[in-house]
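Please read it alongside the model shown here.

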Amino acid sequence: MTSREIRKQFLDFFASKGHLIVPSAPLVAKNDPTLMFNNSGMAQFKDFFLGNGTPPSKRIADTQKCLRVSGKHNDLEDVGFDTYHHTMFEMLGNWSFGDYFKKEALAWSWELLTEVYKLPKDRIYVSVFQGDEKDGVPFDQEAWDIWKAIVGEERIILGNKKDNFWEMGETGPCGPCSEIHIDLRDAEEVALKSGKELVNADHPQVVEIWNNVFMQFERMADGSLVPLPSKHVDTGMGFERLCMAIQGKQSNYDTDVFQGTIKLIADKAGKVYGQDKWTDISLRVIADHIRAIAFAIADGQLPSNNKAGYVIRRILRRAVRYGYTYLGFREPFLHSIVPLLSEQFDGVFPELISQQDFVAKVILEEENSFLRTLENGLKLLDKITVDLKANNQTVINGEQVFELNDTFGFPVDLTALIARENGLSIDEEGYKAALQAQKERSRKDASTSAEDWVILQEVDKIEFVGYDEFETVSSIVKYQKV
Ligand code: ATP
Ligand code: MG
Ligand code: MG
Ligand code: MG
């Protein structure tokens with residue numbers, strides 16, 4: 001089954017259960033000061049759960065573009081190194097706003113996975129919230145009973161608050177979750193160790209694919225929980241992980257979601273995927289990052305020097321550096337992947353194909369500008385590394401990290417990444433101090449020039465008025481010289 005079919009089957013399945021299919025919200029969160037990027041399917045429906053507004057239907061499903069590179073969910077450092085965390089990914093989701101609840105949601109998730117997608121039942125494990133007495137939240141007996149009837153007790157895992165309880169914030173809607181995990185290991189390995197023991201253990205082939213959240217309580221300001229008058233379902237399934245499971249692969253990058261991009265980049269670089277560790281990591285990182293960059297720009301977030309724009313610029317520069325160092329790219333290359341992506345998502349996220357040329361142009365300009373300083377920055381970093389090693393030291397000092405950023409455009413996380421590759425680290429505190437010192441300097445410069453300007457204005461103005469006033473002016477000028 002192709003990824004396109006897998007996505008369509010999900011939406012068709014929930015449409016057949018009475019769900020309205022809606023488009024993804026943009027990657028860049030709008031009208032939500034608490035969120036820079038949409039990082040889950042429910043973000044665009046937050047208001048409905050808070051009782052501010054009415055959803056267009058009590059049952060909704062979609063595929064949401066998500067970006068997890070900042071704040072509560074930051075998976076950036078895992079990307080490319082593991083095989084199942086991306087910066088940008090699609091979260092398939094279905095929602096009930098005060099309509100169906102646990103019984104339907106869990107039964108449908110099982111029906112979809114095992115009957116439509118035909119995933120093997122004996123490779124699936126589910127989790128149920130174990131309760132937390134201290135926090136006053138009960139064991140989720142209801143979910144336990146439902147799963148027991150479907151999969152039997154031996155396939156259920158009890159989960160703690162961290163994995164199995166969802167809260168919107170300090171106060172507000174919250175409730176237990178039930179996650180679905182799948183064991184994709186070879187039969188021989190399964191025979192050696194039960195997959196149940198590997199759930200939530202960061203095993204690359206025993207992965208969480210779906211999370212079902214049941215909003216049934218409201219957390220009050222005094223910490224107490226009260227049942228919500230109407231209960232909601234919020235689910236999220238990682239599309240790329242689902243494709244890995246259905247297509248029988250051991251890595252998200254081996255699915256057709258990424259293989260086209262990886263092949264295109266590898267061909268351009270004259271490399272082959274699957275032969276060398278750092279080539280492979282770089283191909284994965286770039287195949288991942290280009291999606292985040294392209295979709296963010298298509299959704300209106302240009303790379304820039306602050307906030308969300310800087311997040312996108314940092315991701316882009318990481319990708320350029322991997323291409324430069326490990327794949328030998330000396331000329332811009334990222335921009336040329338855009339047409340393939342826009343074709344891949346034609347009809348799913350049409351915003352990419354309709355703005356393809358603009359998106360590619362923005363990326364090309366960014367690549368050009370970073371490539372101008374990249375080589376010299378890397379040379380400096382090489383020299384720093386050699387010097388440190390010669391002196392048996394391992395920490396790049398803050399001034400140097402600052403210089404790499406200020407003069408060569410190396411975002412701090414990029415310097416830290418390269419440092420790590422060389423067995424070094426960076427002095428973050430020292431960097432912050434250097435940054436602060438620079439801010440002070442520019443604040444001083446700015447205030448001096450503002451004062452000068454004010455004084456000159458005074459001089460100009462007063463000079464025109466006559467001699468009497470001139471004395472005052474000279475005293476100002478004198479003061480200025482002091
Ligand atoms: P994990 O424990 O693997 O980091 P999560 O518990 O943080 O996942 P949820 O917030 O429950 O993830 O999101 C719902 C689903 O989205 C997950 O079950 C998973 O399939 C998928 N998902 C989460 N983070 C990522 C990511 N960075 N890349 C790809 N898919 C992801
Ligand atoms: Mg996570
Ligand atoms: Mg998890
Ligand atoms: Mg989860």
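In α10, R314, R317, R318 and R321 meet D413, L414 and L417 of α15. By class, this contact between α10 and α15 holds five charged residues, two nonpolar and no polar. The model is a predicted one, and the points below are grouped by topic.

**Helices α10 and α15**
- Helix α10 covers residues 307–327 and helix α15 covers residues 412–421; their axes come within 9 Å and cross at roughly 30°.
- The crossing that α10 makes with α15 is right-handed.

**Helices α9 and α13**
- Two packed helices are described by the distance between their axes and the angle between them.
- For helix α9 (residues 277–298) and helix α13 (residues 356–390), the axes come within 9 Å and the crossing angle is roughly 120°.
- An angle from 65 to 115 degrees would count as roughly perpendicular and one over 145 as roughly antiparallel; α9 and α13 are therefore oblique to each other.
- The crossing of α9 with α13 is right-handed.
- On the α9 side the contact is made by I293, A294, I297 and A298, which meet V359, V362 and I363 in α13.
- Sorted by class, the contact of α9 with α13 has seven nonpolar residues, with no polar and no charged ones.

**Shell around ligand 1**
- Ligand 1 is surrounded by 16 residues, and the closest of them are D75, F89, N211, G236 and G238.
- Two or more residues of this shell come from each of β5 (88–97), β10 (206–219), β11 (225–238) and α7 (239–246).
- With four residues, β10 gives the most to the shell around ligand 1.
- The shell around ligand 1 is made up of six polar, five nonpolar and five charged residues.

**Residue N252**
- N252 lies in the loop between α7 and α8, the latter being residues 259–269.
- Is N252 buried or exposed? A residue is buried if 20 or more other C-beta atoms lie within 10 Å of its own; N252 has 28 C-beta neighbours inside 10 Å, so N252 counts as buried.
- Leaving out residues up to four places away in sequence, N252 touches T83, Y84, E240, R241, M244, V257 and F258.
- From C-alpha to C-alpha, N252 and G98 are 34 Å apart in space, and they are 154 residues apart in sequence.

Definitions and conventions: Residues numbered from 1 in each chain as written. Chains lettered and ligands numbered in written order. Predicted model: local features only at pLDDT ≥ 70, side-chain atom pairs only at ≥ 80, totals over all residues. Axes fitted to C-alpha atoms, helices over the stretch in contact; angles between N-to-C directions. Parallel < 35°, antiparallel > 145°, perpendicular 65-115°, else oblique. Left-handed = near helix turned anticlockwise from the far one by under 90°. Contact = placed C-beta atoms within 7 Å. Nonpolar A, V, L, I, M, F, W, Y, C, P; charged D, E, K, R; others polar. Near = placed C-beta within 6 Å. Buried ≥ 20, exposed ≤ 12 C-beta atoms within 10 Å, placed from the backbone.
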